[in-house]
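Please look over the sequence and the structure below before reading on. The briefing that follows takes up one residue and its surroundings.

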Amino acid sequence: MSLTFQRRTPRWKPAVSVCVAGLVILSAALPGSCMDVLVAHQLNALNGSTVKLSCTFTSCYKVDNSKFAMNWTYQETVNDTATMFMTYKNRMTLLRTDKFEDRVEFVGNLERNDVSVSISDVQLSDEGIYNCYVRNPPDRVQGHGIINLVVITEMPPPRDSTIAVAVGATVGGTLAVLILSMVVLKCIRRQRKQELISDEQKMEEDKMEGEGGAEEGTKQQ
């Protein structure tokens, strides 16, 4: 008589395979994911002035000029094609365009993670969307900052501080009068209370004196 044994595949084997695959994917995705670009999302510039488009970034790795890359692009609206006007690949390169001509200048500092640019003699046609792209290997993530530039023809009028000062003085004076009135009223109430207590004590003393005189008269009789 012969016995036949069947070998069963453990049910937990597929689960272990999935877990191992998940760990492999996770370990591959973790390195190089700490790039962050900091910009002002909306910026106002006066027509004819010089405006600075500030763009800085943070990264887990120090900038290596041989690997670092940066691009500045402009587009009038979201649906328009972006035009590159400045790039960095081993060196900073200003791309001459009919739009900006020689009005763009690099004012950043790579050692401080600053890739800002400036535009002189700002024109109404400069209004639009400016994109700052940064790549700093071995950081695998490309940083992207978006600036919406709005060109205005005149500065908004300064706020009149006289009204604010007058309102503040009025409110402050009213509060001072109210607090003083409350203090005076409290003092008057306290004084009246003390007077009432004094009157009650005097009446009580007169009453006790009267009772004492009556007792002495009864004893003499």
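In which strand is the place of Ser118? In this predicted model, Ser118 belongs to strand S9, which covers residues 117-119, where strands (E, at least two residues) are DSSP runs numbered from the N terminus. Because the model is predicted, local features need pLDDT of at least 70 and side-chain atom pairs count only at pLDDT 80 or more, whereas totals for chains, interfaces and linings use all residues. Residues are numbered from 1 along each chain as its sequence is written, and side-chain values use heavy atoms, with hydrogens and water left out.

**Surroundings of Ser118**

- Ser118 is buried, with a relative accessible area of 9%, where buried means under 20% relative accessible area, exposed over 50% and partly exposed in between, computed with a 1.4 Å probe on protein chains only.
- Leaving aside residues up to four places away in sequence, Ser118 touches Thr50, Val51, Lys52, Arg103, Val104, Glu105 and Val107, a contact being heavy atoms within 4.5 Å.

**The sheet that holds S9**

- An open sheet of three strands runs in the order S3-S9-S8 with antiparallel pairing, two strands being paired if DSSP finds at least two bridges between them.
- Its edge strands are S3 (51-53) and S8 (104-106), each of which pairs on one side only.
- On average, neighbouring strands of this sheet are turned by 25° against each other, direction ignored; the axes are lines fitted to C-alpha atoms, and angles run from 0 to 180 degrees between N-to-C directions.
- Three bridges join S8 and S9 in the antiparallel sense, and Glu105 stands opposite Ser118 in S9.

**Pairing among S5, S6 and S7**

- Strand S5 (residues 69-75) and strand S6 (residues 83-89) run antiparallel and are joined by six bridges, with Thr87 in S6 as the bridge partner of Asn71.
- S6 also pairs with strand S7 (residues 92-94) in the antiparallel sense over three bridges, and Met92 in S7 is the bridge partner of Tyr88.
- S6 and S7 form a hairpin with two residues between them, and Asn90 in the turn has a positive phi of about 75°.

**Salt bridge**

- The count comes to one salt bridge, defined as a side-chain nitrogen of Lys or Arg within 4 Å of a carboxyl oxygen of Asp or Glu.
- Arg103 forms a salt bridge with Asp126, the closest N and O atoms being 2.9 Å apart.
- Arg103 lies in the loop between S7 and S8 and Asp126 in the loop between S9 and strand S10 (128-135), so the pair ties together parts that are 23 residues apart in sequence.
- Arg103 and Asp126 are both buried.

Technical notes
Helices (H or I, at least four residues) and strands (E, at least two) are DSSP runs, numbered from the N terminus.
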